[in-house]
Amino acid sequence: MIPPQFDYERPTSLDAALDAVAPPDAVPLAGGHDLIPMLKARSVSPGTVVDLGGLDELRGVERVADEGDTTTEQLSVGALTTDADLLDAAPTGADALLDATRAVGDAQIRNRGTVGGNLAAAHPASDIPAATLAADATLHLVGPDGDREVSAEGFATGDHETVRASDELLTRISVPLAPDAGSAYARKTHPSTGYAAVGVAARLRVVDGVVIGPRVAAVGLCDAPTRLAAVEDRLAGADAGAPVEAVESATTRAGDGVDAPVREDHIVSADQRRALLPKYAEQAVSEALARAVGREGVVA
Amino acid sequence: MSEHEVTVTVDGSAERATVEARRLLVHALREEWGYTQPNVGCESGKCGACTVEMDGDVVKSCCVLAVQADGSEVTTVGGVDGAPEGLAEVDAGDPRATPAGDNDEFGPVQRSFHEEHGLQCGYCTPGMVLRARDLLADIPDPSREEIREGLKGNVCRCTGYENVVDAVEAAAAKLEPIETDGGTAGQADTVDGGAPTGGDD
Ligand SMILES: Cc1cc2nc3c(=O)[nH]c(=O)nc-3n(C[C@H](O)[C@H](O)[C@H](O)COP(=O)(O)OP(=O)(O)OC[C@H]3O[C@@H](n4cnc5c(N)ncnc54)[C@H](O)[C@@H]3O)c2cc1C
Ligand code: FES
Ligand code: FES
């Protein structure tokens, strides 16, 4: 499997990179673990591949205090941060993101694959988008007309489709870090692709013994990451002191209200994906709840 | 189409070539420079036969462009001897330890694969050995489950994995940390499936 011919550029500044991706047939290259297999399969054939590997400014993980509200922070993850570097940084308060990143591929893939590439590729069964959607993360894009921010919810629109214009680059992802939030990601691995057959991320807070602001998101289920509104609705206000009952009643009909078509292939049918959903929703939510209860009282 | 001059240090030697942008690192290693230990199995990033170390990290060289590797240091299994990073060989106490003189170009991980019969055709072995070394550098005393999970990106068509896991365990028994540095990535216990279980799917 040999890729088609293309030109290659390796800019060393963000401005030069923006110039290089301006032509409509240019594509950015990060870790290459989505793009290079697609080139080999000849499902894409760009004129120029623009390697972002020289943009050190887009690498790294840091905590940034929220403007105005000093009790909360954001985790800022540079788009080119590899999965392995995020796991090494092991920031506290971003458990679902770390769970999802750990689930990606294998050690060799995590050494090359980047957090931004995982999101920008918008593979329907990628893990990291579930965590960013549950966390209500913000994606920062820069293009010829300047910067813009897109919520994780508004970013991916379908199978390998996002709102990113081809001349825009993803620079970083900010993930809110409430000190009393708990989050987790659980998945059923697809037996053939190794990606998620179904993956669920959950994030919630526990205040005065009650679940507040739950956000639950699934990948692998539909072409774009999907919030599980039925789970969120039943979980909001639930009694964290009776976690088993709360989680079970919230997750048994986890797929209710999912309107988008459920994916299927010759190995995992749509019905199977729907049937798997409650189990993985239950795992993610109960772990998130346990983690939130563990952190309750951390806040002054 | 563009062509690029690349220089890559492979197993300590500076190798140069002019490559098309689309040239994959594994092909440059094998065909331009004659390093045939990294094998080509699936060509799609799944099997790990093409695993090499690039600037200290194990990677699948079928998913890296040769031009991306310009200026880096690549190590194939042919370039490793001795213990993995941060570990030293315990010389006494292991009744199966092979006298170093027998196979002195092999490090303890390679010798363990040999002694435990952790290979049959050997096609996966270069990748298995490199990833096993990397895993042991991270988790010096892994459980069998951690070994299976850790070798998830390395597929073997022959052994059924049992002897591979034995080999990594035996290698761990031969090694001890030089200094403790704490940070291991740990396990994803909420993620089901995906690790090799020895079935022939
Ligand atoms: C065998 C195999 C198994 C895998 N298993 C999993 C899995 O289980 N779970 C999972 O989530 N993923 C999995 N992946 C995918 C992989 O880990 C990454 O998600 C994928 O590599 C994308 O990240 P990347 O950095 O490699 O991006 P690339 O492949 O370099 O880029 C992906 C896409 O995003 C664009 N892009 C990249 N970075 C930017 C940027 N900063 N700005 C704008 N556009 C950008 C590129 O143009 C391209 O279209 C697997 C991959 C392989 C090969
Ligand atoms: S040949 Fe590279 S992973 Fe299979
Ligand atoms: S020994 Fe033959 S593939 Fe592993």
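Guide: A polar contact here is a pair of N or O atoms within 3.5 Å. Keep in mind that the model is predicted.

Visitor: Then how far is the polar backbone atom of A:G32 from an oxygen atom of ligand 1?

Guide: 2.7 Å, which falls within that 3.5 Å limit.

Visitor: What about A:G31 and A:P28, how far is each from an oxygen atom of ligand 1?

Guide: For A:G31, a polar backbone atom is 2.8 Å from a ligand oxygen. For A:P28, a backbone N or O atom lies 2.5 Å from an oxygen of ligand 1.

Visitor: How much of ligand 1 does the protein bury?

Guide: 95% of the 960 Å² that ligand 1 exposes when taken alone.

Visitor: Which elements give two or more residues to the shell around ligand 1?

Guide: β2, α6 (115-121) and β10, in chain A. Helix α6(A) gives the most, with four residues.

Visitor: How many residues surround ligand 1, and which are the closest?

Guide: There are 32. The closest are A:P28, A:A30, A:G32, A:T114 and A:D127.

Visitor: Why is the site called shared?

Guide: Because residues from chains A and B surround ligand 1.

Visitor: On to the sheets. What order do the strands take in the open sheet of five in chain A?

Guide: β4-β5-β10-β6-β7, with antiparallel pairing. β4 (61-65) and β7 (146-151) stand at the edges. Each has a single partner strand, so one side of each lacks a neighbour in the sheet. From one strand to the next, the twist averages 25°.

Visitor: Which helix packs on that sheet?

Guide: α1 (residues 14-21) of chain A. This helix touches β6 (138-143) and β10 (169-177), and its direction makes about 120° with that of β10(A).

Visitor: How many bridges join β2(A) to β3(A)?

Guide: Four, and β3(A) spans residues 48-51. A:V27 has A:V49 as its bridge partner in β3(A).

Visitor: Switch to chain B. How many helices and strands?

Guide: Five helices and eight strands. Along the sequence they run β-β-α-β-β-β-β-α-α-α-α-β-β. Chain B has 201 residues, and 50% of them are buried.

Visitor: Which residues of β1(B) are on the covered face?

Guide: B:H4, B:V6, B:V8 and B:V10. The uncovered face holds B:E3, B:E5, B:T7 and B:T9.

Visitor: What joins β1(B) to β2(B)?

Guide: Eight bridges, and the strands run antiparallel. B:V6 stands opposite B:A17 in β2(B). The two strands form a hairpin with two residues between them, where B:D11 takes a positive phi near 45°.

Visitor: In what sense does β1(B) pair with β5(B)?

Guide: Parallel, over two bridges; β5(B) covers residues 73-75. B:V10, from the covered face of β1(B), stands opposite B:V74 in β5(B).

Methods
Residues are numbered from 1 along each chain as its sequence is written. Chains are lettered from A and ligands numbered from 1 in the order in which they are written. This is a predicted model: local features need pLDDT of at least 70, side-chain atom pairs count only at pLDDT 80 or more; totals for chains, interfaces and linings use all residues. Side-chain values use heavy atoms; hydrogens and water are left out. Two strands pair if DSSP finds at least two bridges between them. Axes are lines fitted to C-alpha atoms, for helices over the stretch in contact, and angles run from 0 to 180 degrees between N-to-C directions. Contact means heavy atoms within 4.5 Å. Buried means under 20% relative accessible area, exposed over 50%, partly exposed in between (1.4 Å probe, protein chains only). A residue is near a molecule or strand if one of its heavy atoms lies within 4 Å of it. A polar contact is a pair of N or O atoms within 3.5 Å; within protein, one must be able to donate a hydrogen and the other to accept it, and residues adjacent in sequence count only if both atoms are side-chain atoms. Accessible areas come from the Shrake-Rupley method with a 1.4 Å probe; for residues, only the protein chains shown count as cover.
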